[in-house]
Amino acid sequence: MTLALPDFSTAQVLVAGDVMLDRYWSGSTSRISPEAPVQVVRIRNDEVRAGGAANVALNIASLGGRVRLLGVVGVDDAARQLREAVLAHGVQPEFVETAGYPTISKLRVLSRNQQLLRLDFEEALVEGGEFDHGAWLERYRASLGDTRVVVLSDYGKGTLSRVASMVQTARADGRYVLVDPKGTDWKRYRGATLLTPNLSEFEAVAGVCKDDADLERRAEALRAELSLDALLITRSERGMTLIRTGHKPLHIPATAREVYDVTGAGDTVIAVLAAGLASGLDLASACRLSNLAAGIVVTKIGTASVSPAELAQALAGQPAQRSVLEENALLDVLADARRRGQRIVMTNGCFDLLHVGHVRYLQAAKALGDRLVVAVNDDDSVRRLKGPTRPLNTGADRMAMLAALECVDWVVPFTEDTPARLIGRALPDILVKGGDYQPEQIAGFDAVTANGGEVRVLEFHEGYSTTRLI
């Protein structure tokens, strides 16, 4: 079947559930603490992102949909940061402030792209506590407005403890109700349009599945028992399985070839489903689109989202846009990428003889963000740096090779011995360099860090050298 990208600007969605603030502290590690056998991380970057139900809302907004976000926050600085984070991406926050509970926050400490520690700050919203669940339901009813699709994002933190009433209220008016379930008591989701469990969540409720036929049988039995219109089971590298009333099971194969991080992939699936249905797609088409989106988002680090452009390219069977650009053209496309909320990664080099060490390094660089820019020394610059016999390949050829790599989005030449001036204009979110450097030694460090960005040193791949190849 032919799948077309809908007009997401017509989508109106309400997301209600457990909102969170995700914080990422990242830096370098070079020693063990004298106080305890733990690594010392020199923090260089403090990044804040919206998580939980808020990440679902951001995913919808990144597609161009209109979305309201209903959640519970504390009276604290984390609530302020979360509100600012979602407003910056076009999400309308409708937060219920509760003094007795902190805003749910998760702090992750990372080094060299690896998570070393996670600290959670939260208190469950239990029945009978200070939180007024009755007032919450009234706020929910008032927030429904003219939305066509409701997403109930359950992370088991207590915000949706009365989810059965929320489902019934929205369904009574003919709305789609999509639920990302948690726990094993799924009876409380009875009557929803669709549940989106992953395979392990599904098997915890329905039992271990021996094969596809067993999964189909158990899924249909559960769908009927819970009076659902459909059940969408995400199965990692096996893709997705959609079970619907009156239809044969639909198995949708996975699309991702490289998986760097599955954080937030479930949020992306339900967000694209919601935006697709709210834009007029039928359920099967919306599921196929969400499968494509999941294949894109797992190639990114951390909670992430997808853009309509990325989906359009995936639908056309094309990788992300890649081309060789002059400096001013690069600045234009970077401005557009930032408007879409995309994180820009930048690196530089001569890349005279492209080898597997380069490729692995560039793949690791791309995994840090959404778009990778590679700045390349022009021929005169290479001669000044490497001697009169270099480069072996012209600048045009070197850039064409880089632009052909799947992990590279844009390639740009520079004429100086270092790309410091160019980096000062491009101002990437993350500047990376491979080798034995300190971040402060990398050209562009001052401009990037002064702009709030981060400079990272990636691991050097031993055994690969242009000089050795020559």
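1. Let's begin with Leu 119, which is partly exposed at a relative accessible area of 34% (buried means under 20%, exposed over 50% and partly exposed in between, with a 1.4 Å probe and protein chains only). This residue belongs to strand E7, residues 114-121 (strands, E, of at least two residues and helices, H or I, of at least four are DSSP runs, numbered from the N terminus).

2. Before going on, note that the model is predicted: local features need pLDDT of at least 70, side-chain atom pairs count only at pLDDT 80 or more, and totals for chains, interfaces and linings use all residues. Residues are numbered from 1 along each chain as its sequence is written, and side-chain values use heavy atoms, leaving out hydrogens and water.

3. Now look at Ser 153, in strand E8 (residues 149-153). With a relative accessible area of 1%, Ser 153 is buried. Leaving aside residues up to four places away in sequence, Ser 153 touches Ala 16, Gly 17, Asp 18, Gly 52, Ala 53, Val 56 and Leu 160 (contact means heavy atoms within 4.5 Å).

4. Finally, find Arg 390 in the loop between helix H12 (379-386) and helix H13 (395-403). Is Arg 390 buried or exposed? Arg 390 counts as buried because its relative accessibility is 11%. Its side chain makes a polar contact of 2.7 Å with that of Asp 352 (a polar contact is a pair of N or O atoms within 3.5 Å; within protein, one must be able to donate a hydrogen and the other to accept it, and residues adjacent in sequence count only if both atoms are side-chain atoms).
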